[in-house]
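Trainee: Hello! Could you walk me through reading some features of this structure?
Mentor: Gladly; let us take a look together.

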Amino acid sequence: MEGEKKIFIATHKKFTAPKNNIYIPIHVGAYNKPDLGFLKDSSGDNISEKNPYFCELTGVYWIWKNCKSDIVGLVHYRRYFYNGFFKKINNIMTSNDIEKILEKKDIIVSKPVYILFSSVRNKYEKLHLKEDLDKCEKIIIDKFPEYKEAFDKVMKRHFLYPYNMIITKKEIFDEYSKWMFDILFELEKQIDVKKRDTYNARVFGFLSERLLNVWIEKNKQYKIAKKHVFNTEENIHLQRLNYIWRKLLIFK
C-alpha cells in the first residue's frame with residue numbers, strides 16, 4: 001500500500017524521537033505551554049486547551065482536522081508498535097512494516113489487555129465514575145442507536161485494545177474520529193470537569209479507549225491487525241516476561 005505515511009507521537013515533554021522520518025512528535029496540550037521544539041497541537045484547527053480532560057485525544061483531533069497524509073496514526077512518546085521478539089526501539093514498526101500489514105488489514109491496534117475477574121464495564125466503574133459511562137451510553141443510544149449492540153458486547157468483555165493507539169488509512173481515521181468526537185463533545189456539555197480532581201477530569205481520555213473498541217466491534221468490515229506494544233519506560237526483563245506470559249496463555 002503506497003502513499004505518504006505520518007505516525008504522530010503524542011508527548012507532553014522532551015524526548016528522543018525514533019530516527020525514522022515517518023514518526024513525527026506532536027506536543028499535546030501545547031496551549032500556553034513552553035515550546036518543546038515539536039509540532040504543536042495548538043496550531044491549525046485544534047482543541048489543545050482541552051488536553052487536561054481529553055489527554056492524547058487533542059492529538060487525535062489535530063490529525064483528523066489538519067493532516068492530509070494517506071496513512072496516519074498515533075503512538076506515544078513511550079509506547080510504539082513493534083515487530084519481533086525483543087522489545088527495543090530499533091524494532092519499532094517501519095514504513096515497510098506498516099505497508100505490508102495494511103496490504104491485508106485495514107487498522108493496526110495494540111494487542112488486547114486482559115481483565116481478570118471483571119468485565120470492561122465493571123473495571124471502568126471501579127476505576128472511574130460510573131455516571132460518566134452511563135451518560136456516554138445514553139448518548140450512543142440517542143445519537144447512534146446502531147452502535148448499542150456493539151457497546152453492550154464490549155462492556156461485557158474481559159479484554160480491551162488500550163492506549164488509543166491506531167494506524168490506518170486517513171479516511172478510516174476520519175470516520176472513527178468524527179464518530180468519537182460527536183459523542184465526547186455531547187458528553188462534555190453534560191458534565192463539569194473543572195470541578196473535578198485532576199484524575200477524574202481526564203474522563204474523555206478514559207472513555208475514548210472504550211469507544212475505540214466499540215467502533216471496531218461495530219465496523220467489522222475493517223480487518224484489524226493486533227500488534228505488540230513496546231514501552232520504552234518499562235524494564236526490559238519485565239517486558240520479556242510479559243511477552244512469554246501472554247504466549248503461554250495463548251493471548252491473541
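Mentor: Let us begin with touching residues: a contact means heavy atoms within 4.5 Å. This is a predicted model, where local features need pLDDT of at least 70, side-chain atom pairs count only at pLDDT 80 or more, and totals for chains, interfaces and linings use all residues. Residues are numbered from 1 along each chain as its sequence is written, and side-chain values use heavy atoms, with hydrogens and water left out.

Trainee: Which residues does D132 touch, not counting residues up to four places away in sequence?
Mentor: Leaving out those sequence neighbours, D132 touches Y124, L187, I191, R196, V203 and L207. D132 belongs to helix α5, residues 130-143. Helices here are DSSP runs (H or I, at least four residues), strands are E runs of at least two, and both are numbered from the N terminus.

Trainee: Is D132 buried or exposed?
Mentor: Buried means under 20% relative accessible area, exposed means over 50%, and partly exposed is in between, using a 1.4 Å probe and protein chains only. D132 is buried because its relative accessible area is 2%.

Trainee: How many aromatic pairs does the count come to?
Mentor: Rings of Phe, Tyr and Trp (its six-membered ring) pair if their centres lie within 6.5 Å; planes under 30 degrees apart count as stacked, over 60 as edge-to-face and the rest as tilted. By this rule there are 19 aromatic pairs. One of them joins F159 and Y161, edge-to-face, at 5.9 Å centre to centre with 65° between the planes. F159 is partly exposed because its relative accessible area is 22%, whereas Y161 is buried at 8%. Elsewhere, F54, Y61, W64, F181, F185 and F204 form one aromatic cluster.

Trainee: Which residue lies over the face of W64?
Mentor: A charge sits over a ring if NZ of Lys or CZ of Arg is within 6 Å of the ring centre and within 35 degrees of the ring normal. K65 lies over W64, 4.0 Å from the ring centre. The charged end of K218 likewise sits over the ring of Y147, at 5.6 Å from its centre.

Trainee: How much space lies in the largest cavity?
Mentor: On a 1 Å grid over the protein atoms alone, a cavity is a set of points where a 1.4 Å probe fits but cannot get out, and a pocket is an open set with protein on both sides within 12 Å along at least five of seven lines; lining residues have an atom within 4 Å of a point. Grid points are joined across faces, edges and corners, and a volume is the space filled by probe spheres set on the points. The largest cavity holds about 50 Å³. Its lining is L57, V60, N164, I166, F173, Y176, M180 and L212. Helix α7 gives the most to this lining, with three residues.

Trainee: And which residues lie nearest the centre of the largest pocket?
Mentor: They are C55, E56, R79, R202 and F206, out of 35 lining residues. The largest pocket has about 1,000 Å³ of space, and α8 supplies the largest share of its lining, four residues.
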